[in-house]
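I opened a new model today and kept notes as I went. The entries follow the order in which I looked things up.

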Amino acid sequence: MARGFGIALETEYGNVQNIDDIDLDWFQKMEEVNFELGDEAETDDGGSRSDVVAWAGAAKPNGSTSAKVDLQRITWYLLGFLDHYIHTAGTGTLAGLHIHEFYGGENHELPSFVGLAVYDALKIAVFGLIEDGLKLEVSDSAMTVNNDWLYATETAEILGINEDFEEPEELADSKIPIRFYDVSVKLNGSKPGSVQTSFSMEGNNNHDQDGTIGLGSRFPQEKPQAAKRTISLSLATTLNRGSYRDILDARYGVVDGVTPSACRILTVPLELTIAQCEHPEQQLIIKFPECTLKAEFDLKGADRVEATLNLQTLGNGEVTLNDGTTTVNTDMYCKLINKVPELAIEASGNEGEGD
């Protein structure tokens with residue numbers, strides 16, 4: 001029996017279809033998949049010491065998934081989190097590959113998906129799936145992606161005895177996950193002076209699901225709008241001669257400072273490059289062009305002094321797109337080179353180009 005989750009772009013938000021008619025873009029075996037209707041019953045006591053009546057309350061369907069990152073499936077996660085998308089077919093040394101660019105802008109409506117969660121013989125299809133949160137983490141093993149989802153409604157199906165779930169064809173080059181040695185970091189334009197032992201990014205679109213539930217149905221009736229996008233980053237390192245200067249710059253808010261700045265904070269760019277060892281021509285470059293930077297560290301006996309650089313993205317950093325001429329102001333930009341063809345986001349009502 002299979003256990004996991006898969007998605008496909010929707011042609012119409014929340015459109016319910018027969019489970020057997022769902023054509024998934026991909027399916028991945030996962031250790032953590034959770035979807036809930038979020039429908040708490042409402043009660044009334046009528047003046048009694050105990051409740052005497054109950055009725056169905058508003059449904060706020062939500063879910064979460066956790067998986068290992070590969071450079072193929074992450075295409076859909078980036079599309080769901082950011083609101084601008086540009087595709088370019090690879091040429092020359094990149095012939096046969098595809099270049100996907102994603103960046104954060106001011107669109108309040110993001111693409112929606114249909115998802116399929118499989119729990120052995122139970123299949124749950126979720127419709128109107130919106131990516132509310134994206135978290136990437138890597139330390140000493142494989143990189144993981146954790147997602148928070150909102151959705152409109154669901155339907156279920158139980159497989160018959162001796163009936164197996166038919167998984168879609170595996171995406172090319174997707175079996176091997178990204179490992180910590182596939183990842184490199186640049187802080188303020190250069191490689192940090194000391195070893196970075198972990199990286200994490202946590203982003204949230206803060207969708208307003210409450211505003212989608214109104215008279216006539218207790219379920220969401222329209223696509224929720226994305227509110228303020230927040231992205232927090234952290235790098236873990238060791239306090240030593242290679243990191244003293246970076247730590248003090250972040251601590252004091254000024255480069256080469258030895259005392260706290262009277263009024264300034266330090267802002268720097270952070271760039272993450274992921275190039276899989278087995279397929280180095282396929283890469284993911286994530287740029288956070290302007291971030292506030294703070295540092296924290298503490299001493300515990302004779303153990304190494306661990307330090308953490310905490311960054312918060314700003315939306316006015318400038319990035320040049322793959323065409324070499326177009327510039328955009330954004331808090332997060334991704335350039336992904338892989339084997340996934342162009343995603344037809346026009347069908348989901350968000351073309352994603354331009355502000």
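**Entry 1: ground rules.** I am working with a predicted model, in which local features need pLDDT of at least 70 and side-chain atom pairs count only at pLDDT 80 or more, while totals for chains, interfaces and linings use all residues. I number residues from 1 along each chain as its sequence is written, and side-chain values use heavy atoms, with hydrogens and water left out.

**Entry 2: the whole protein.** I looked up the secondary structure and found two helices and 21 strands. Helices here are DSSP runs of H or I with at least four residues, strands are runs of E with at least two, and both are numbered from the N terminus. The radius of gyration is 23 Å, close to the 20 Å of the globule rule for 355 residues, so the protein is as compact as a globular protein of that length. That radius is taken over C-alpha atoms, and the rule is 2.2 Å times the number of residues to the power 0.38. Along the principal axes, the C-alpha atoms fill a box of roughly 65 × 65 × 45 Å.

I then checked burial: 46% of the 355 residues count as buried. Buried means under 20% relative accessible area, exposed means over 50%, and partly exposed is in between (1.4 Å probe, protein chains only). For contacts (heavy atoms within 4.5 Å), I noted that 70% of those with a separation of 6 or more are between residues 24 or more positions apart.

For charges, I found 26 positive and 59 negative side chains, with the centres of the two sets 10 Å apart. Lys and Arg count as positive, Asp and Glu as negative, and His and the chain ends are not counted. Each charge is placed at NZ of Lys, CZ of Arg, CG of Asp or CD of Glu.

**Entry 3: strand β15.** How many of the nine residues of β15 are buried? I found that seven are, so this strand, residues 230–238, is largely enclosed by the rest of the structure. Two strands pair if DSSP finds at least two bridges between them. β15 pairs with β14 (residues 196–204) in the antiparallel sense over eight bridges, and Met201 has Leu233 of β15 as its bridge partner. β15 also runs antiparallel to β18 (residues 306–313), with seven bridges joining the two; there, Thr237 stands opposite Ala307.

**Entry 4: from β15 to α2.** I followed the chain into the loop between β15 and α2 (244–252), where Asn240 lies. Asn240 is partly exposed, at a relative accessible area of 31%. In α2, I listed Ile247, Asp249, Ala250 and Tyr252 as the buried residues. What do they pack against? The buried residues of α2 pack against β15, β17 (283–298) and β18. Gly253 follows α2 and has a positive phi, near 80°.

**Entry 5: strand β1.** In β1 (residues 3–9), six of the seven residues are buried, so I wrote this strand down as largely enclosed by the rest of the structure. It pairs with β9 (residues 113–119) in the antiparallel sense over seven bridges, with Gly6 bridged to Leu116. β1 pairs with β2 (residues 26–29) in the antiparallel sense too, over four bridges, and Ile7 has Trp26 as its partner there.

**Entry 6: helix α1.** I ended with α1 (residues 74–81), where eight of the eight residues are buried, so the helix is largely enclosed by the rest of the structure. Among them are Trp76, Tyr77 and Phe81.
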